[in-house]
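Subject: Structure handover and notes

Dear colleague,

I am passing the structure on to you below, with the notes that I made on it. Please read them alongside the sequence and the coordinates.

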Amino acid sequence: MFDLKNKVVLITGGSQGIGAKVIEFLLKENVKHIANLDVAEKAGIAQQNELNKKYTNKVKFYKCDVSNEEQLMSAYQMILDEQGYIDIVINNAGIANDSKEKYKKEIEINFLAVTTSTLKAMEIMRKDEGGNGGIVLNISSAAALCQDELLPIYAGTKSGILQFSNCIGMPRYYSRTGVRVLTLCYGGTESHIFSDFDTIDKTFLNHFNEVIVKVFPPQKVESAASALIEVLKNGESGSTWMSANNKPALDITPTVKKAYGILSEAYTSLYADSFEKVS
Ligand SMILES: NC(=O)c1ccc[n+]([C@@H]2O[C@H](COP(=O)([O-])OP(=O)(O)OC[C@H]3O[C@@H](n4cnc5c(N)ncnc54)[C@H](O)[C@@H]3O)[C@@H](O)[C@H]2O)c1
């Protein structure tokens with residue numbers, strides 16, 4: 001089991017919701033420092049000041065829009081300058097807004113920024129280029145596993161995270177980089193995400209509010225955060241985990257591998273023996 005003690009952690013979107021609870025739980029694991037990169041300045045500073053009363057200077061808020069590459073890279077640099085290293089990166093910031101006005105921003109925050117941050121983290125941590133190894137944990141969603149009409153663009157970004165993180169966490173990366181890349185999918189969880197929630201077609205928004213939320217009530221933020229700690233400690237590189245319905249974190253890697261195995265057949269079957277020669 002991986003020991004979180006004395007680790008330097010970078011988390012995005014830690015001012016509110018699941019990320020805020022993750023920060024609290026990481027402090028209980030005796031990490032050395034947590035840098036929270038978020039746009040929610042008031043909440044982020046209040047949280048920083050409150051937590052630092054008990055955990056002296058362990059939490060630092062960085063006002064940063066993760067979809068702005070300059071701001072993201074500059075925050076990385078400030079943390080490196082101050083702490084010397086980053087051991088764990090949790091790409092958690094996300095929005096669920098498929099409206100005409102917000103969908104491009106949603107893609108930038110949910111997928112592009114996660115990709116950029118993962119590549120930057122790997123550049124710092126990879127053992128074959130002088131780093132000490134580390135962990136990148138990317139937050140996906142049940143929306144990446146299910147097909148439905150509610151949030152096609154959000155689902156696309158979360159599927160992108162799943163596939164990107166699984167592939168860049170594969171053994172032939174990990175054996176050289178020493179960076180465990182993990183994916184955690186959440187089911188509905190009580191958080192601020194629903195205050196800026198919107199869909200392409202309002203019919204599905206009504207259905208979500210009137211039916212889905214009642215049938216699948218959101219889990220507590222504590223369940224989501226404790227699942228994340230479990231995944232950091234025990235997840236193998238390239239693995240995928242699920243946290244929903246207040247249940248402990250579930251390793252769903254075999255299911256995801258099986259599903260991609262079936263999907264791959266649609267392609268590989270057309271090449272008969274060729275894939276065996278290159279694998
Ligand atoms: N809550 C759920 O039901 C649920 C389900 C599946 C997946 N998720 C995922 O969990 C993650 C955390 O979401 P949450 O539910 O805690 O939502 P939340 O809205 O409570 O928290 C998200 C945080 O991200 C920050 N953020 C938003 N845009 C940002 C930006 N451009 N730059 C930096 N920070 C930004 C917000 O200020 C906020 O602090 C997201 O990736 C979300 O997609 C949530």
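This is a predicted model: local features need pLDDT of at least 70, side-chain atom pairs count only at pLDDT 80 or more; totals for chains, interfaces and linings use all residues.

Residues are numbered from 1 along each chain as its sequence is written, and side-chain values use heavy atoms, with hydrogens and water left out.

The whole chain

The protein chain holds ten helices and eight strands, where helices (H or I, at least four residues) and strands (E, at least two) are DSSP runs numbered from the N terminus. Its radius of gyration, taken over C-alpha atoms, is 19 Å, which agrees with the value near 19 Å for a compact globule of 279 residues; the globule rule is 2.2 Å times the number of residues to the power 0.38. Along the principal axes, the C-alpha atoms fill a box of roughly 60 × 50 × 35 Å. Of the 279 residues, 51% are buried, meaning under 20% relative accessible area, with exposed being over 50% and partly exposed in between (1.4 Å probe, protein chains only). Among contacts (heavy atoms within 4.5 Å) with a separation of 6 or more, 74% are between residues 24 or more positions apart. The protein chain exposes about 14,200 Å², of which carbon and sulfur atoms supply 55%; accessible areas come from the Shrake-Rupley method with a 1.4 Å probe, and for residues only the protein chains shown count as cover.

The sheet

Eight strands form an open sheet with mixed pairing, in the order β3-β2-β1-β4-β5-β6-β7-β8. At the edges stand β3 (59-63) and β8 (250-251), each with a single partner strand, so one side of each is left without a neighbour in the sheet. Two strands are taken to pair if DSSP finds at least two bridges between them. Strand β1 (residues 8-12) runs parallel to β2 (residues 33-38) over five bridges, with L10 opposite A35. Five bridges also join β2 and β3 in the parallel sense, and here D38 stands opposite K63. Together with helix α2 (residues 41-54), β2 and β3 make a right-handed β-α-β unit, right-handed meaning that, with the strands pointing away from the viewer, the path from the first strand over the helix to the second runs clockwise.

Strand β5

All eight residues of β5 (residues 134-141) are buried. In a regular strand the side chains alternate between the two faces of the sheet. On one side of β5 the buried residues are G134, V136, N138 and S140, and on the other they are I135, L137, I139 and S141. Strand β4 (residues 88-91) pairs with β5 in the parallel sense over four bridges, and I88 has I135 as its bridge partner. With helix α4 (residues 103-125), these two strands make a right-handed β-α-β unit. Towards β6 (residues 179-186), β5 is joined by eight parallel bridges, and G134 stands opposite V179.

Residue T253

Where does T253 lie? T253 is found in helix α9 (residues 253-268), and it counts as buried because its relative accessibility is 15%. Leaving aside neighbours within four places in sequence, T253 is in contact with G238, S239 and T240. A polar atom of the T253 side chain lies 3.0 Å from the backbone nitrogen of T240.

Best regards

Notes:
A polar contact is a pair of N or O atoms within 3.5 Å; within protein, one must be able to donate a hydrogen and the other to accept it, and residues adjacent in sequence count only if both atoms are side-chain atoms.
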